[in-house]
Amino acid sequence: MLRAIKIYGKMKAPQLILIAFLGVAASAIIIGTSFIDSGTAAGGNDASELSRQLMIILQLAALLSFYNDKTRHLDAWLVTQSMSRRQLLLSKMFWLIIAPIAFAVFIDLFLTITIQPSDWTHAVRSNIINGAFSLLFASLVLGVSLVIGPIWQKVAGSMYLIIVFETITHTSADQMLSKQYFINDLMTSVLAIIGISLVALAISYYLVEHVGVDTEDEPVRLSYLKWPLVIFVFVSLILQLNAAGGLLDKLLLPVILSITTFVFVFKPKLSWER
């Protein structure tokens, strides 16, 4: 296992260094913008925003690196190096999920302690919360990318998941960051989020051995997940739509996108012959 992590890390070293540089540059820009706008460097209540923005930026960069493996057929080559698919998946989890989150936490805590050390407790709180949500998001994207075949559909599915995830979880994250949210409730929520993330990662770990190379061009590579995907699109849209408007307005977009997803997934053959 350690050998697989070392090999994958060595292959991805240039991209990982670029992601780290992007994180440092993004931090400088965010802090500089905060200083110009308010006259003070980011810290205190701004720590949560710095942590959140930094994790989003690093995760998007890691996601692009993940998809770059597909375009270069790196996965197929690594499997020939006595590396199992599950070892490769665990290596990706380490370098493209855990490492970016840990690096974002390190940068945020370092800057907070350096600039405004009195606010380090709030920085720790925000990093725990944002790190938990980032882990959940990454685990879901990994599962979607594993199940979906064509690269452009992986990207489309990930972008859709980003929109849905941000809409549904943004309010919850803000509530958890508020000081009115008691520490016991906070830890319970964080542990629940981490637990869901680990379950999602475990499912991906199980499925990776059941996804064949011959299904890479299939919209959904596992037949028994076709209907759940269509239902997920419909339900997720219903959950994030505004309560305002009539029933027809609420159902129109979910129905249209669900039918579109159904067509791409099942590829029904339509015939106009009588």
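Reader: At what angle do helix α6 (residues 120–147) and helix α8 (residues 183–207) pack?
Author: This is a predicted model, where local features need pLDDT of at least 70, side-chain atom pairs count only at pLDDT 80 or more, and totals for chains, interfaces and linings use all residues. Residues are numbered from 1 along each chain as its sequence is written, and side-chain values use heavy atoms, with hydrogens and water left out. Axes are lines fitted to C-alpha atoms, for helices over the stretch in contact, and angles run from 0 to 180 degrees between N-to-C directions. The axes of α6 and α8 are 9 Å apart, and the angle is about 20°.

Reader: Which class of residue has 18 members in the contact of α6 with α8?
Author: Angles under 35 degrees count as roughly parallel, so α6 is roughly parallel to α8. Ala, Val, Leu, Ile, Met, Phe, Trp, Tyr, Cys and Pro count as nonpolar, Asp, Glu, Lys and Arg as charged, and the others, Gly among them, as polar. The contact has 4 polar and 1 charged residues, and the class with 18 is nonpolar.

Reader: How many helices does the chain have?
Author: Helices (H or I, at least four residues) and strands (E, at least two) are DSSP runs, numbered from the N terminus. The chain has 0 strands, and its helices number 10.

Reader: Within what arc do the buried residues of helix α1 fall?
Author: Buried means under 20% relative accessible area and exposed over 50% (1.4 Å probe, protein chains only). In α1 (residues 2–11), the buried residues are A4, I5, Y8 and G9. They line one face of the helix, because the arc, seen down the axis of α1, is 125°.

Reader: Is L111 buried or exposed?
Author: L111 lies in helix α5 (residues 85–115). Leaving aside residues up to four places away in sequence, L111 touches S27, I31, L50 and Q116, where contact means heavy atoms within 4.5 Å. Its relative accessible area is 18%, so L111 is buried.

Reader: How far apart in space are Q153 and V220, C-alpha to C-alpha?
Author: Q153 is found in helix α7 (residues 151–177) and is buried, with a relative accessible area of 13%. Beyond residues up to four places away in sequence, Q153 touches I148, P219 and F264. Q153 and V220 are 67 residues apart in sequence, and their separation in space is 9.6 Å.

How values were computed: Parallel < 35°, antiparallel > 145°, perpendicular 65-115°, else oblique. Arc of directions from axis to C-beta.
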